[in-house]
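Trainee: I would like to work through this structure step by step, with a question for each part that I want to understand. Could we begin once the sequence and the model are on display?

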Amino acid sequence: MSKRRTERLLSIVVLLLSSRRYLVPEEIRSAVIGYPEPEEAFRRMFERDKDELRELGIPLEVGTNHPMDDEPGYRIRRQDYELPEIHLTAAEAAVLGIAARVWRSAELSGAAIGAVLKLKAAAAGAEAPGSTAPGADATSEEAVAVPGIEPRLTTQEPAFGPLWEAVRDRRPVTFAYRAVGRTDATKRALEPWGVVNRRGNWYVAGHDRARDATRVFRLSRIDGPVKLSGPAGSVVVPDGADVRRLVEEFGKSPERGQAERATATLRVRAGAGYGFRRRPRSIEPDPGHPGWDIVTVSFAEEKWYAEYVASFGPDVVVLDPPDLKDAVVAKLKGVLA
């Protein structure tokens, strides 16, 4: 579903939920952005939108506000739309809070933020990942995030969205892939089994049709779009397939060892940037900047690493190399623009 259509459907739901009376199509048309001007085109699109909402389980109620009304209208009764109350334990709310804080991407951040707001409103302790002991009250003032825990997974690779959809729907895909040490991309046909993150990088594992073997691909090396190449349900994941183990073994393979690694010198604010502090080459206080540390780290791919560094905002400053510094500055300027 396109972003424009998703926004239009969401606008219809919000409009009909907030109305205490039935709204006729013309009223919906005037309040919702995205409908065409010609009457016939609007009617066709509106009928498709109604069908889509009903398929999604949205309870559209049809009726009139007065017996003399010529055209029926639509509304959504809040009691029919809302789910029954859900009760979460402190541990369950903490796990959901961690999951919501981890996702920092356009793909999933909107849903995560909305879920946390609902958990906050219900006083379920969603802000307390890891800070509440088993059996403790997650709604207490002490239920706050633990300093030093900074989960952050980015999904900025363009391939993530279509691959996640393909894994969900069990559909094969095709894409061009640049292997380590090669400048030209080759076409791959894959039956994806899962997408996992390892040490800040995203990988997809599955059955490579051309090679008739299990393969793992790093998303940052996919060149161009990922295309769905088969119907939903046509991919069968073998029993016992462990995608995470496959990715870990791939990370130890000779192919990964061939990747050239560069060194970066970073100025990291104290109490932040825990991803850089896990396996640094060196770390020491910055004598010229109290409250900051000089952290030396190694990295393999400048483009991905620049995005990762930029995601920490003002808490991390690149001192060296100049190319990485320029890439981070360009990324931050793009965000401001």
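Trainee: Not counting residues up to four places away in sequence, which residues does Val316 touch?
Mentor: Please keep in mind that this is a predicted model. Val316 is found in strand 11, which covers residues 316-320. Once residues up to four places away in sequence are not counted, the residues that Val316 touches are Leu266, Arg267, Val268, Phe276 and Val309.

Trainee: Does Val316 count as buried or exposed?
Mentor: The cut-off for buried is a relative accessible area under 20%. Val316 has 7% relative accessibility, and therefore the residue counts as buried.

Trainee: What distance separates the C-alpha atoms of Val316 and Ala272?
Mentor: Along the chain, Val316 and Ala272 are 44 residues apart. In the model, the separation between their C-alpha atoms is 8.2 Å.

Trainee: How many bridges join strand 8 to strand 11?
Mentor: Strand 8 and strand 11 run antiparallel, and one of the pairs between them has Thr265 with Asp320 of strand 11 as its bridge partner. The number of bridges that join strand 8 to strand 11 is four.

Trainee: Which residue of strand 10 stands opposite Arg269?
Mentor: Strand 8 (residues 262-269) is joined by eight bridges to strand 10 (residues 292-299), and these two strands run antiparallel. Opposite Arg269, the residue that stands in strand 10 is Trp292.

Trainee: Is the peptide bond from Asp320 to Pro321 cis or trans?
Mentor: Pro321 is found in the loop between strand 11 and helix 12, the helix of residues 322-336. For the peptide bond that runs from Asp320 to Pro321, omega is near 5°, and the bond is cis.

Trainee: Let us turn to another part of the chain. Which residues of helix 7 are buried?
Mentor: Helix 7 is made up of residues 160-169. In an α-helix there are 3.6 residues a turn, so residues three or four places apart point the same way. With that in mind, you can find on the model the buried residues of helix 7, which are Phe160, Gly161, Leu163, Ala166 and Val167.

Trainee: In what order do the five strands of the open sheet lie?
Mentor: The pairing in this open sheet is antiparallel, and the order of its five strands is 6-5-4-3-7. Strand 6 (213-218) and strand 7 each pair on one side only, and these are the edge strands. From one strand to the next the twist averages 40°, and the order to remember is 6-5-4-3-7.

Trainee: Which residue of strand 4 has Phe175 opposite it?
Mentor: Strand 3 and strand 4 run antiparallel, and five bridges join them. Phe175 has a residue of strand 4 standing opposite it, namely Arg188.

Trainee: What is the phi of Arg170 near?
Mentor: Arg170 is found in the loop between helix 7 and strand 3. The residue is partly exposed, because its relative accessible area is 38%. Its phi is positive, in a residue other than glycine, and the value is near 55°.

Trainee: Does Asp212 count as buried or exposed?
Mentor: Asp212 lies in the loop between strand 5 and strand 6, and although the residue is not a glycine, it has a positive phi of about 50°. The cut-off for exposed is a relative accessible area over 50%. Asp212 has a relative accessible area of 60%, and therefore the residue is exposed.

Trainee: Which residues does Lys50 touch, not counting residues up to four places away in sequence?
Mentor: Lys50 is found in helix 3, which covers residues 39-55. Lys50 counts as buried because its relative accessibility is 8%. Leaving out residues up to four places away in sequence, Lys50 touches Leu60 and Tyr74.

Trainee: To finish, what percentage of the residues of the chain count as buried?
Mentor: The chain has twelve helices and eleven strands. Of its 337 residues, the share that count as buried is 38%.

Definitions and conventions. Residues numbered from 1 in each chain as written. Predicted model: local features only at pLDDT ≥ 70, side-chain atom pairs only at ≥ 80, totals over all residues. Heavy atoms only, no water. Buried < 20%, exposed > 50% of the residue type's maximum accessible area, 1.4 Å probe, protein only. Pairing = 2+ DSSP bridges. Axes fitted to C-alpha atoms, helices over the stretch in contact; angles between N-to-C directions. Contact = heavy atoms within 4.5 Å.
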